[in-house]
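Here is a short briefing to keep beside you while you turn the model around on screen.

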Amino acid sequence: MVNSSEKLSPWSSRNAAELYGIDEWSSGYFGISAEGEVIVRAPTAEGETQVSLMEIVDGLQQRGLQMPVLLRLENLVDKRISTLNDSFALAIEASGYQGQYRGAFPIKVNQQSHVIAEIARFGERYNHGLEAGSKAELMIALATLKNRESLIICNGYKDPEFITLGLQARKLGFKCFFVVETLAELPHIIERSQALGIEPLIGVRLKLSTKVEGHWSEDSGDRSLFGLNTNELITVVDELRKANLLHCFQLLHFHLGSQIPNIRSIRAGVLEACRYYIELVAEGAPLGYIDLGGGLAIDYDGTSSTSGHSRNYSVQEYCIDVVEAIQECLDEHQIVHPTIVTESGRATVAHTAVLLFNILDVTHFEPTEPLGELPQDCHEMIQNLWHSLSVIKPANLQESYNDLLYYRDKIRDLFHSGDISLRHRALGENIYWAGMQKVASLVPQLKRVPAELESLQEQIADIYYGNFSVFQSLPDSWAIQQVFPVMPIHRLNEEPNRQAIIADLTCDCDGKLQKFAGPVGESKTLSLHPIRAGEEYYLGVFLVGAYQETLGDLHNLFGDTNVASVRINTDGSIDFVHEIHGDSIADVLSYVEYEPNALYQQFRQTAEQAVRDGIISVADRQQMLAAYSEGLRGYTYFEK
Ligand SMILES: *Cc1c(COP(=O)(O)O)cnc(C)c1O
């Protein structure tokens, strides 16, 4: 539907920035150029370089990478790591804290090899390490990290093989910690360590009673699935003492959940953990490391609030609060300040990827053509509907809405009983949509909006069909109703006067985006531009660098998208560092155990039989087989 706003000053990119909240959610990494295109402000060696995403899209297309594309911005990976490390350094300096900070990137948050390689390469200067939750992730960490000052933190359930691998890492000089999550793994750690003659570095994961808000609240509190309770903690101390390994107990770990919205819960968790720290030191464990796990949140909806898609603190405030809480607590007991470890995943990589896709088609819920005059021979019900349309005014919106619905349903009934023609029914639908559009356009003039009319906007919103799959590229939007910022990446100098929801390519009613962050909070529709014939319309979904890629699935057999990693240079030139072509149709078929070659052979036989039966010519057969074979090699998404 069309916005009824009557602005006096012309629309500018400033208005677009406000509408889409880009300055609020982008942490300054994205903005809008005077030309009305989304730019990335890439931190480079000499300050900051701005590049339009449309320029990157051009470059991708020249390289044969079709939409959808997951765009990774390497400059931002570097920037996020330095922000985290520099912010802790500043907090430590400002408060006179005596310990250090060490980051460990949790591999599960984005396991893609180019991402991990970049984190390890750039993180080396900060001794930034990796967190592994499985054998496979530990193998990634061991092969990737070059700096032995960096930590490797092993969480998750550990079998003897996992433990052996970790001990070998110790022997190689890595600071590789086993974080004990269940009592069952402790005997294995002791046994393997004695058998191999290698001393482990041991941590324990605490089950804190501090509860956090937000989606991951279940990770904290008494019923959390992970961590040791107080009795189990005492058992660990006793067992380690018995095995002469208490001096290896050097790290205290807790993880309150991801995306913690409220800084007060973080502080409360740290204070509770410090109580354990003090008691364990009194028990004779040397400790020296306190590991807060993840939880540092992202402002997905730009509200700087505890909405659940946001947080009420900045990275710098997080660092200051953590450092000061530990310092205050331990100073009272004259305990040496430990090295502070965090395993921030989301906050490290969320900003660094953008999903780009094009719009394939739009469905409108409005008259397909101007209504003109009502034909002479119309059924009475159509005339009534027409009359209802003509009398709509602010004073009778609810009544008009009721009438429109009533007469539309009557007309449908008449069609079903054969009393009006297809053409007249279509006319009825057109009048109905014209009426609904008119009612919706007048709703903003009401002081009090009746409940039924509140959702009218959504009911008449356009559906824009995007060339992507929610299930493959934005699984959290479907699974946990996560809000991601979405907006057009060009034409932002034009007022976007359509209200829309976005549907993906899957034939699934959940395959859509219908929750958007807007200037006045969450909105169920997004303002978009009308598409123009012969011209692509590109949208970006932002802050998708954390968790989305590996959680994505093959719904309707839409496979991995094309991926491009770019690095922006000081002079504004763009290096396309890695291009990865997404899954072909043959790839996704083989994931579900089809043999593409066998499929081709089966199809060939079908075609061969058709030739023999005289249904198609040999030339037809040739053409069909070529198309089938080409199809197998093609992209799973819509290709031009
Ligand atoms: C998932 C996880 C993290 C990462 O959390 P973020 O909120 O993404 O920073 C860190 N540590 C552990 C133990 C985790 O399970």
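This is a predicted model: local features need pLDDT of at least 70, side-chain atom pairs count only at pLDDT 80 or more; totals for chains, interfaces and linings use all residues.

**The C-terminal span and the domains**

An unreviewed UniProt entry annotates residues 585-638 as "domain: Arginine decarboxylase C-terminal helical".

- The protein chain is divided into three parts: domain 1 covers 99-349, domain 2 covers 380-457 and domain 3 covers 586-633.
- Between the C-alpha centres of domain 1 and domain 2 there is a distance of 60 Å.

**The barrel**

- Eight strands, running in the order β5-β6-β7-β8-β9-β10-β11-β12, close into a barrel with parallel pairing.
- On average, neighbouring strands of this sheet are turned by 25° against each other, with direction ignored.
- For a look at one pair, find β10 (residues 249-253), which is joined to β11 in the parallel sense by three bridges.
- Within that pairing, L252 has I290 of β11 as its bridge partner.
- Helix α4 packs on this sheet, where it touches β5 (101-106) and β12 (339-342).
- The direction of α4 makes about 155° with that of β5.

**The open sheet**

- A separate place to look is the open sheet of three strands, ordered β1-β2-β3 and paired in the antiparallel sense.
- From one strand to the next, the twist averages 35°.
- Six bridges link β2 (residues 38-44) with β3 in the antiparallel sense, and T44 has G47 in β3 as its bridge partner.
- Helix α4 turns up here as well: its residues 74-95 lie across β1 and β2, and the helix runs at about 55° to β2.

**Around the ligand**

- Which residues come nearest to the ligand? Of the 17 residues around the ligand, the nearest are K108, S258, E343, G345 and Y547.
- S258 has a side-chain N or O atom that is 2.6 Å from an oxygen atom of the ligand.
- E343 places a polar side-chain atom 2.6 Å from a nitrogen atom of the ligand.
- Y547 has a polar side-chain atom 2.6 Å from an oxygen atom of the ligand.

**Backbone details to check**

- As background, most residues other than glycine have a negative phi, and most peptide bonds are trans.
- The peptide bond that joins M67 and P68 is cis, with omega at about -5°.
- P68 is found in the loop that connects α3 (53-62) and β4 (69-73).
- S304, a residue other than glycine, has a positive phi near 45°.
- Where does S304 lie? Look for S304 in the loop between β11 (289-291) and α11 (315-331).

Note on methods:
Residues are numbered from 1 along each chain as its sequence is written. Side-chain values use heavy atoms; hydrogens and water are left out. UniProt positions are given in the numbering used here, feature names are shortened, and annotations may be inferred rather than shown by experiment. Domain bounds come from an automatic or database domain assignment. Two strands pair if DSSP finds at least two bridges between them. Helices (H or I, at least four residues) and strands (E, at least two) are DSSP runs, numbered from the N terminus. Axes are lines fitted to C-alpha atoms, for helices over the stretch in contact, and angles run from 0 to 180 degrees between N-to-C directions. Contact means heavy atoms within 4.5 Å. A residue is near a molecule or strand if one of its heavy atoms lies within 4 Å of it. A polar contact is a pair of N or O atoms within 3.5 Å; within protein, one must be able to donate a hydrogen and the other to accept it, and residues adjacent in sequence count only if both atoms are side-chain atoms.
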